[in-house]
Amino acid sequence: MPVSEKGNDHAMTVSSDDRSHSANPPSDGESSLVRAERSPARAMNVARPPNPRMVHRPTVNPDLRTHGTTRAARVAIIGAGPYGLSIAAHLRARGVGFRIFGNPMESWRARMPGGMLLKSEGFASDIYDPERRFTLKRFCAQNGLCYADTGLPIPRETMATYGLRFQRQLVPDLENRTVVALDRSSRDFLLQLDGGETLIARRVIVAVGSNYFQHVPPSLAHLPTALRSHSSEHYDLSRFAGHDVTVVGGGASALDLVALLHEIGAQVRLVARQPSVAFLSKPVPRSLWHRIRYPVSGIGCGWRSRFFTDAPMLFRYLPQPTRLRTIKTYLGPAGAWFVKDRIAGHVPFLLARTPAYSEVRDGRVYLQCKGDGGQSELLTDHVIAATGYRVDIGQLDFLSEKVRASLQSIEGAPVLSRNFESSVPGLYFVGLASACCFGPVMRFLFGAGYTARRLSEHLSFVSGVRSRLRLTGFRDLTRWVL
Ligand SMILES: Cc1cc2nc3c(=O)[nH]c(=O)nc-3n(C[C@H](O)[C@H](O)[C@H](O)COP(=O)(O)OP(=O)(O)OC[C@H]3O[C@@H](n4cnc5c(N)ncnc54)[C@H](O)[C@@H]3O)c2cc1C
């Protein structure tokens, strides 16, 4: 219940714009990498015979073989969301040995609200295997689920189930474990898993998504977590039924939450710093001219979006200030078209205001918001900060001090080579953490396709060169150069 709301609350103005090889430790103590070498077909678990040019190559450097409790992997992938799974499926098809860790599709199963619909179109919501055989479209067709390339929002639940099915079929050796520490020796990485196992890996791909990078405004950060949360902490909203909830933020997550909270019977309001709330327009049949002027892309219509989706490798070569500005401003906050009618006129919006001060009063949150829209004071049961993510590799608490200190970054984001490799040789970052170098597409599912292709080509090449150099007696060279 608002205590008082001074100033002019802006009426809502709507602007429409446009295994790997491993997993469960082998019971016989034999490295699964070694077993995979011996039986590539079994390790790959694919119905078709593998492409002879992509036969499984030796994956274990003798230096990396199992010893004591420490096991080995050519490549370790940290993270089992759409990016990690796509990369794993590509590496597997190329016969590059790896282990992959993480709770499969965790963000989609446990960190997005039930009932949420995807903002991306069906055709842009795939997880990627090299042959494009396991698309969302095919998954929906096989399971009798409604699907359209455009114009039919995909439920979050469908995406989560699709991802799990993808994982079971194409990445069956996934290890549902958390990497708690990552350090580097002179030439390898040492990973520590929950449960105590340690692992040596030659190369490590960090595909941990956005959850380490949650941003909460300083004016809210000190509130106890029972009264304040981040949007990524909510799966089941039912506990808020009948309660007064304030959602801070003006982007898609905020607007989704507002709609869902309103629908379960919470008294919800939105506080946003923008003077108006934007919604994307519903896809409609378009004239040829319009399609030429605003070509479709995996992240929206228009030539700029098309450039970002089709040429992430070129984005890297833009001047740094341009890249940083683009990442901060491109595709600014906007709700999905299907959310507009569910909240317009039903939910109070306090626009052009940001939380300036908050404290706990009688078990509730007293919130003071200020801005061009005026000043508002209110008492609320819970504040949800739907205030997005800010990439900061310093937040990746599993990285050792040594690794962190060696990582070059720009405004918190790692500097990456064209192969997604950071300034620490052998350490790669993908997904949101790579957006600063590869552009806004990396904030979306769609970016996983390019990432998986590029990274698997690179790792397969490196792996092949290493093997050949080793066979020709240049072992020391392979050790230090590749
Ligand atoms: C509310 C919301 C809605 C979204 N809607 C869309 C949409 O409609 N369309 C779209 O394209 N994108 C959308 N996105 C963005 C979407 O989340 C990303 O595109 C996609 O999930 C990124 O995949 P990822 O693999 O990088 O990260 P995630 O999906 O976040 O997966 C991270 C993985 O890392 C694992 N992990 C983390 N830390 C560790 C560790 N220390 N050890 C082991 N494993 C670890 C997790 O268990 C998880 O498996 C949305 C995001 C949010 C927050």
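**Exercises: a ligand shell, a helix and a sheet**

The shell around the ligand holds 15 nonpolar, 15 polar and 2 charged residues (Ala, Val, Leu, Ile, Met, Phe, Trp, Tyr, Cys and Pro count as nonpolar, Asp, Glu, Lys and Arg as charged, the others, Gly among them, as polar). This is a predicted model: local features need pLDDT of at least 70, side-chain atom pairs count only at pLDDT 80 or more, and totals for chains, interfaces and linings use all residues. Residues are numbered from 1 along each chain as its sequence is written.

**Exercise 1.** Find which residues come nearest to the ligand, and which element gives the most to its shell.

*Solution.* Start with the 32 residues around the ligand: Gly79, Gly81, Gly102, Gly209 and Gly431 come nearest (a residue is near if its C-beta atom, placed from the backbone, lies within 6 Å). Next, α3 (82-94) and α4 (106-110) are the elements that give two or more residues to the shell (helices are DSSP runs of H or I, at least four residues; strands are runs of E, at least two; both are numbered from the N terminus). Finally, α3 gives the most, with 3 residues.

**Exercise 2.** Check the span of α3.

*Solution.* The expected span is 1.5 Å times one less than the number of residues. For the 13 residues of α3 this gives 18 Å, and the end C-alpha atoms are 18 Å apart, which agrees. After α3 comes glycine 95, with a positive phi near 75 degrees.

**Exercise 3.** Work out the strand order of the open sheet, and its edges.

*Solution.* The 5 strands run β7-β15-β8-β9-β11, with parallel pairing (two strands pair if DSSP finds at least two bridges between them). The edges are β7 (228-230) and β11 (349-351), each pairing on one side only. Within the sheet, 3 bridges join β9 (residues 267-272) to β11, and leucine 270 has phenylalanine 349 in β11 as its bridge partner.
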